[in-house]
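Here is a short report for a reader new to this structure. Look it over first, then read on.

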Amino acid sequence: MSDTDREIIEIDVLFIGAGPASLAGAIRLAQLCREKGVELEIAIIEKGAGVGNHCISGAVMNPVALEELLPDYKALGCPISNMVCGEEFYYLTHKRAFRVPFIPGYLHNKGYPIISLSGFSRWLGQIAEELGIMILPEFCGSEILFSSDQRGVAGVRIGDKGLGKDGSATSLYEPGPDIRAKVTVFGEGARGSLFRQLDRELGLSPKGIPQTYEVGIKEVIRLSPDSSFRLGQRSVIHTLGYPVGLNPAGGGFIYELADNMIGIGFLTALNYEDPYMDPYENFLAYKHHPLVADIIENGEVIEQGARTVTNGGYYALPEMVVDGGIIIGACAGIQNPHQLKGIHSSMKTGMLAAEAILDAFSKSDFSKKGLGLYQTLFDGSWVKADMFYGRHFFGAVSKKGPGKFFHIGLQYLLNGRDISNPMKIEPDLAALKEISSHEPKKQGDISCDGKLYLDKLTGVYLAKTKHREDQPAHLIIHDIRICEGLCYTRYRCPCTRFCPANVYEIEVDEMEGTPRLIVNHSNCLHCKTCDIKDPFGNITWTCPEGGSGPAYTNL
């Protein structure tokens, strides 16, 4: 269809993505409008079938931003699973667990709520709708609408529905509208596809300092009713070491939830070198470790999911204001790696954006200068202070061997400072070594039983991910010859291992020995690991049809 036939929806403020950053921002903007007697049309688009469907995190939440946004959040029914009453930190070897006697102050969590991010986001969504904010699920932003000079944002085009694999219209075809807004707020989460468009067009990311990521796999496990084990006074457990040792960075967590359930997960930094590494196998090996296996014995996994997390820190932050647009939350790389947290910081950036947006409307100036209060507020906020304190943290934990503990200790003693400023970090995809420098190695016990220890496909089933099979491929492989030639020869196609959902498979012809890449698009959990870690940058994640993807409820 021609663009002139596409429906145009005009609103004042558009938030992209119904995660905690956008929801907090929209709620705060609605609150300020009520206080000032201003009327604005505020909308949030969400690519998932419902608010919270694509939200996943640990999650122990520092409530500082929530207390500011909704002081009576407990009376309003905030879905808190538990409160942190005690915590322990362990270094794991293959069979043993050594309790760390000293936990740095920035890792203290006592009194903080433990939440399901998917449930928390749904609750925030309900409050947003009660304030008159329009939430549009199954609205997937496919491309940015730029201003006439191509230097600013004018809104977002929503992806069409009902297209066939070849991109032609089927009987189900529904054209996506153009949503034009005076201000567009990018809150897509880590590795946002629209933000990447914006970055390519305007060059917002800092030169020479890449954003880096971890991929986390998380489960909710219901413990056995007759289990004699209870976390009790240690409702939070964090671990370092096994199964990744000291290289790459990575670690596990166990959080006590309500109703005899726990949240458990393992994160692997994507700057790893070993082409044979499989982050999902790391997670399985972690669960089999005696410390963890004792806790989960006879339990049952009720939900699983995966997502990437930004950890580049302060120096990897992009420019966060453009003409007509603001970037917030994990989309901008807002994360506190040293605190193992980001929800509170993401929410606060959305709330700061709300103040800047109302200021811009008071002046009718939506240029970069008109929205500049956002940067000013950010620079004076505790979000920046926290990120600046941890500015070298990921550089420290990325060091090889025990030397990383020297840098972590130095930063703790010197209030975040280190020897070099900033510490050198390379892009995740550049870290991977070729197979000639590594041998496949056994990853401890990674056996599966279909109930407590799951293979990847069973995990996909429990993520409840769905994609219409005959829609256009949303995972764009730019040159399949690279995958089946150079990538197979040099790396044995690491996508078949780093993807936690078994999206990529290699089939080798027994007669000719030639590989063929098979892509199971419908398995995709939208974690975006492939977009980040493919060593040739040959895979681009794009939004599938609106409403596709996982349907998380407890993660």
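Which residues lie nearest the centre of the second largest pocket? They are Asn 247, Pro 248, Asn 271, Tyr 272 and Glu 273. The model is predicted.

## The second largest pocket

This pocket has a volume of about 740 Å³. Its lining is made of 31 residues. By class, 12 of them are nonpolar, 7 are polar and 12 are charged.

Helix α5 and helix α10 (393–397) each supply at least two residues of the lining.

## An open sheet of seven strands

The sheet is open and has 7 strands. Their order is β5-β4-β14-β15-β16-β13-β17, and the pairing is mixed. β5 (97–99) and β17 (300–310) stand at the edges. Each has a single partner strand, so one side of each is left without a neighbour in the sheet. On average, neighbouring strands are turned by 20 degrees against each other, direction ignored.

One pairing can be followed in detail. Strand β13 (residues 213–222) and strand β16 (residues 261–269) are antiparallel, with 9 bridges between them. Ile 221 stands opposite Ile 262 in β16.

## A helix across the sheet

## Salt bridges

Side chains of opposite charge can pair when their charged atoms come close. The count of salt bridges in this model comes to 20. One of them joins Lys 348 and Glu 68, whose closest N and O atoms are 2.9 Å apart. Lys 348 lies in helix α7 (residues 343–363), and Glu 68 lies in helix α2 (residues 64–69). The pair therefore ties together parts that are 280 residues apart in sequence.

Tyr 106, His 338, Tyr 389, Gly 390, Phe 393, Ile 408, Gln 411 and Tyr 412 line it. Helix α11 (residues 403–413) gives the most to this lining, with 3 residues. Here 5 residues are nonpolar, 3 are polar and none is charged.

How values were computed: Residues are numbered from 1 along each chain as its sequence is written. This is a predicted model: local features need pLDDT of at least 70, side-chain atom pairs count only at pLDDT 80 or more; totals for chains, interfaces and linings use all residues. Side-chain values use heavy atoms; hydrogens and water are left out. Two strands pair if DSSP finds at least two bridges between them. Helices (H or I, at least four residues) and strands (E, at least two) are DSSP runs, numbered from the N terminus. Axes are lines fitted to C-alpha atoms, for helices over the stretch in contact, and angles run from 0 to 180 degrees between N-to-C directions. On a 1 Å grid over the protein atoms alone, a cavity is a set of points where a 1.4 Å probe fits but cannot get out, and a pocket is an open set with protein on both sides within 12 Å along at least five of seven lines; lining residues have an atom within 4 Å of a point. Grid points are joined across faces, edges and corners, and a volume is the space filled by probe spheres set on the points. Ala, Val, Leu, Ile, Met, Phe, Trp, Tyr, Cys and Pro count as nonpolar, Asp, Glu, Lys and Arg as charged, and the others, Gly among them, as polar. A salt bridge is a side-chain nitrogen of Lys or Arg within 4 Å of a carboxyl oxygen of Asp or Glu.
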